[in-house]
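Work through the exercises below with the sequence and the model open. Try each task before reading its solution.

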Amino acid sequence: MLTRAMLPIGDDDNPNPAFPIVNLVIIAINVAVFLYQLVNPDFTNGFSTVPAEITTGRDLIGQFTIGLPDGTAAVIDEARGPSPIWITLFSSMFMHGGWTHLGGNMLFLFIFGDNVEKSFGHARYLAFYLVCGLVASLAQVYSGPDSILPSLGASGAIAGVLAAYLVLFPSNRVRVLLGYFVTTVPAVAMIGLWALIQFFNGFASTSVSAQTGGVAYMAHIGGFIAGLVLAFVLRPFADRAIGPHVVGYPRRGMFS
């Protein structure tokens with residue numbers, strides 16, 4: 001999931017009248033896929049990204065034992081995946097590890113994705129989102145190419161959306177919940193803090209540990225960097241107008 005330090009509940013709206021249909025469809029797909037995961041665990045076990053599957057091109061099937069940092073062991077169930085197996089690089093970005101994981105990611109996407117979509121346009125935004133998610137998945141694979149630990153989650157792609165928001169709307173006001181208090185901060189402050197946390201944790205540890213808590217920080221970093229690069233490339237074609245202050249409310253593995 002993204003971060004619990006600052007929970008966004010609204011932001012300045014882009015007055016562009018275009019309806020953010022792509023962003024809403026992506027959210028709907030994530031919810032639908034998660035509901036399917038609940039009734040079919042084999043889908044989760046087979047369609048998450050497993051670095052060792054991507055680097056070898058082989059679909060791992062069966063039970064595998066891995067050692068944990070605390071000295072204990074865990075059993076990983078690997079079900080049959082798609083053919084070719086690299087399809088999991090895309091399928092995993094629409095999957096989640098629990099209701100909290102799903103809810104946090106979709107909240108961030110709902111708050112920040114609409115302005116980015118209105119700026120880029122529907123087709124560019126869809127391509128942007130998928131590329132960021134793909135780079136995020138590959139970054140996680142690169143961080144542990146021999147790992148059999150599955151990775152799933154939309155946070156890598158959403159990290160790219162946050163990076164684009166930072167490039168396009170750095171001074172936008174974001175309404176956030178800090179504990180029991182609501183305050184307004186510039187987008188550059190909130191997203192910048194989030195990025196610092198990801199980079200610090202990502203380079204501190206690239207495995208499941210007390211520091212990472214099972215979060216795929218390298219996927220976050222990869223998606224964020226991809227988002228920054230693409231946003232600067234697309235910025236000359238983007239609509240960055242901001243209107244009046246409108247606040248919108250809206251298994252074991254590596255979760256992004």
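Residues are numbered from 1 along each chain as its sequence is written, and side-chain values use heavy atoms, with hydrogens and water left out.

**Exercise 1.** Find which elements have the lowest and the highest mean pLDDT.

Solution. Start with the scale: pLDDT is the predictor's confidence in each residue, from 0 to 100. The protein chain averages 84, and 83% of the residues score at least 70. Next, take the elements, which are DSSP runs numbered from the N terminus: helices (H or I, at least four residues) and strands (E, at least two). Finally, pLDDT stays under 50 over residues 243-252. Where pLDDT is low, the predicted coordinates should not be read in detail.

**Exercise 2.** Determine the strand order of the open sheet of 3 strands.

Solution. Two strands pair if DSSP finds at least two bridges between them. Strand β5 (residues 173-178) pairs with β6 in the antiparallel sense over 6 bridges; Arg173 stands opposite Pro186 in β6. The order is β1-β5-β6, with antiparallel pairing. β1 (7-11) and β6 (181-186) are the edge strands, each pairing on one side only.

**Exercise 3.** Identify which residues touch the most other members of the largest nonpolar core.

Solution. A nonpolar core is a set of buried (under 20% relative accessible area, 1.4 Å probe, protein chains only) Ala, Val, Leu, Ile, Met, Phe, Trp, Tyr and Cys residues joined through side-chain atoms within 4.5 Å. The largest one has 48 residues, and those touching the most other members are Leu109, Phe112, Phe120, Tyr125 and Tyr129. Helix α7 (155-168) gives the most to this core, with 11 residues. A second, separate core has 8 residues, including Ile66 and Ile148.

**Exercise 4.** Classify the crossing of α1 and α6.

Solution. Axes are lines fitted to C-alpha atoms, for helices over the stretch in contact (heavy atoms within 4.5 Å), and angles run from 0 to 180 degrees between N-to-C directions. The axes of α1 and α6 come within 9 Å and cross at roughly 40°. α1 is therefore oblique to α6, given that angles under 35 degrees count as roughly parallel, over 145 as roughly antiparallel, 65 to 115 as roughly perpendicular and the rest as oblique. Among the residues that meet are Ile26 and Asn30 in α1, and Tyr125 and Leu126 in α6.

Notes:
This is a predicted model: local features need pLDDT of at least 70, side-chain atom pairs count only at pLDDT 80 or more; totals for chains, interfaces and linings use all residues. Buried means under 20% relative accessible area, exposed over 50%, partly exposed in between (1.4 Å probe, protein chains only).
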